[in-house]
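Subject: Model handover

Hello,

Here is the structure I promised to pass on. My notes follow below it.

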Amino acid sequence: TTAVKVAQLYLDRIAAFNDTLNAFVHIDPAHVLAQAEASDKYRAKHDARPLEGLPIAVKDIFCTQDGPTQCCSNILKDFHAPYDAEVITKLKEAGAVLVGKTNMDEFAMGSSTETSAFGVCRNPWDTNCIPGGSSGGSAAAVAAALTPAALGTDTGGSIRQPAALTGITGLKPTYGRVSRRGIIAFASSLDQAGPMTRTVKDSAMITAAISGHDPRDATSVADAPAVDWLAACESRDMKGLKIGKPKEYFVDGMDAEVRASVEAALKKCEELGAEIIDISLPNTEHAVAAYYVIAPSEASANLSRYDGVRFGHRCENPEDLLDMYTRSRDEGFGSEVKRRILTGAFALSSGYYDAYYLKAQQVRTLIQQDFIQAFEQVDIIATPTSPIPAFRLGEKTDDPLTMYLSDIFTIAVNLAGLPGLSQPCGFANNLPVGLQWIGPAWREDTVLSAAAAYE
Ligand code: GLN
């Protein structure tokens with residue numbers, strides 16, 4: 001087959017289903033076919049590159065020279081980035097065909113893709129339900145086979161939680177593995193990009209293509225331990241693997257069918273030769289609170305650049321400079337983004353810094369130490385990805401606090417900078433359930449090999 005035929009097949013599916021799902025917020029079919037044609041031409045003359053002709057959709061948070069980059073916010077409406085994010089350049093160099101921009105929560109703040117300025121995204125398993133978030137468009141697009149693969153970003157769970165809620169595989173690499181250059185910043189010490197795919201091997205191949213040191217991103221790590229991505233997936237052996245089962249991630253209040261699915265998955269791992277070891281990560285209960293100080297604090301600093309001068313929206317007829325700043329920001333940002341900016345600015349303000357931001361950073365260190373201690377006993381940790389399956393649209397929009405609890409099982413992984421992968425492991429209320437694997441820093445190979453063996 002040819003890349004053009006493959007691209008056309010997915011474009012036809014997008015044309016058939018995107019009106020219902022709203023997974024894509026921008027798509028240019030002619031440009032997709034032109035890239036596919038270029039890939040076919042390349043392959044006629046050279047050996048295929050690692051992702052030759054593979055269609056990949058990317059979240060609207062990645063800067064792309066082609067098409068708009070709007071982070072699903074009105075403040076970036078019609079913004080065109082002057083350069084490609086480093087990971088976009090790497091995808092192009094690997095021969096991938098970029099399909100379009102996917103829907104997301106505004107500035108990646110949310111767990112349901114309901115805060116998007118371009119309308120909600122729907123879960124293909126039940127279109128009355130949310131697809132998770134913030135990378136909900138990427139998840140819905142892969143789950144409905146509108147694209148074979150997509151990129152998301154994960155600050156507190158935004159790759160893994162939507163992957164879980166739509167029944168696909170999503171990997172958040174170790175912090176520093178993938179360049180953040182050209183990815184619109186939410187919380188700089190937590191954000192990391194990664195693949196959302198149908199199989200573990202697809203995730204491995206895409207991570208192989210996008211990872212590596214970027215001298216133009218100070219948060220990308222220069223001497224990161226290398227991983228043999230494909231070998232990790234092909235080893236597929238659970239014999240002797242010590243899997244930690246943290247008691248803090250199997251709690252009252254979580255959905256009973258979610259719990260049963262994950263416990264059944266661990267049984268299967270045991271049958272495949274793994275050893276399940278009960279462990280404790282005692283500071284887990286403080287993770288959400290610490291995250292909702294640290295992430296908004298960093299966001300309040302990162303989002304100060306949207307001032308009506310340099311990027312995006314500017315209000316009409318400003319009276320003076322202050323009026324331009326305040327009205328442009330008031331008109332451009334949605335309410336969840338404003339809530340984060342206010343929370344963050346408050347936590348960082350003088351007199352409160354020690355009580356909130358500093359405390360949260362101390363908790364972060366304790367959470368990191370919990371994992372370091374756990375990995376002295378076990379090779380890998382397994383948990384549910386989300387305490388509940390996909391919920392109905394609108395069900396949690398009036399209550400930010402319950403929305404924040406959607407990420408109770410994913411946030412600690414970001415605070416500790418560790419690799420985490422979610423893969424499907426069953427159903428609750430007839431909706432997909434995710435199994436989360438957490439590895440030691442830089443051990444994506446352990447994570448991928450366990451996930452491939454389970455799959
Ligand atoms: N749901 C979390 C939040 O709203 C995580 C989002 C993310 O990972 N980008 O901040």
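I start with one serine. S300 lies in helix α9, residues 287–302; helices here are DSSP runs of H or I with at least four residues, strands are runs of E with at least two, and both are numbered from the N terminus. S300 counts as buried because its relative accessibility is 12%. The classes are buried under 20% relative accessible area, exposed over 50% and partly exposed in between, with a 1.4 Å probe and protein chains only. The side chain of S300 reaches the backbone oxygen of S297 at 2.8 Å. Beyond its neighbours within four places in sequence, S300 is in contact with I341, G344, A345 and L348; contact means heavy atoms within 4.5 Å.

Some ground rules. This is a predicted model, where local features need pLDDT of at least 70 and side-chain atom pairs count only at pLDDT 80 or more, while totals for chains, interfaces and linings use all residues. Residues are numbered from 1 along each chain as its sequence is written, and side-chain values use heavy atoms, with hydrogens and water left out.

Next, the loop between β8 and α9. P282 lies there. P282 is partly exposed, at a relative accessible area of 46%. P282 touches E248 and D370, not counting residues up to four places away in sequence.

Two strands pair if DSSP finds at least two bridges between them.

Strands β10 (420–428) and β11 (431–438) pair in the antiparallel sense over 8 bridges. G420 stands opposite I438 in β11.

Last, helix α6 (200–210). Its buried residues include V200, S203, A204, I206, T207, A209 and I210. G212 follows α6 and has a positive phi, near 125 degrees.

Best regards

Technical notes
A polar contact is a pair of N or O atoms within 3.5 Å; within protein, one must be able to donate a hydrogen and the other to accept it, and residues adjacent in sequence count only if both atoms are side-chain atoms.
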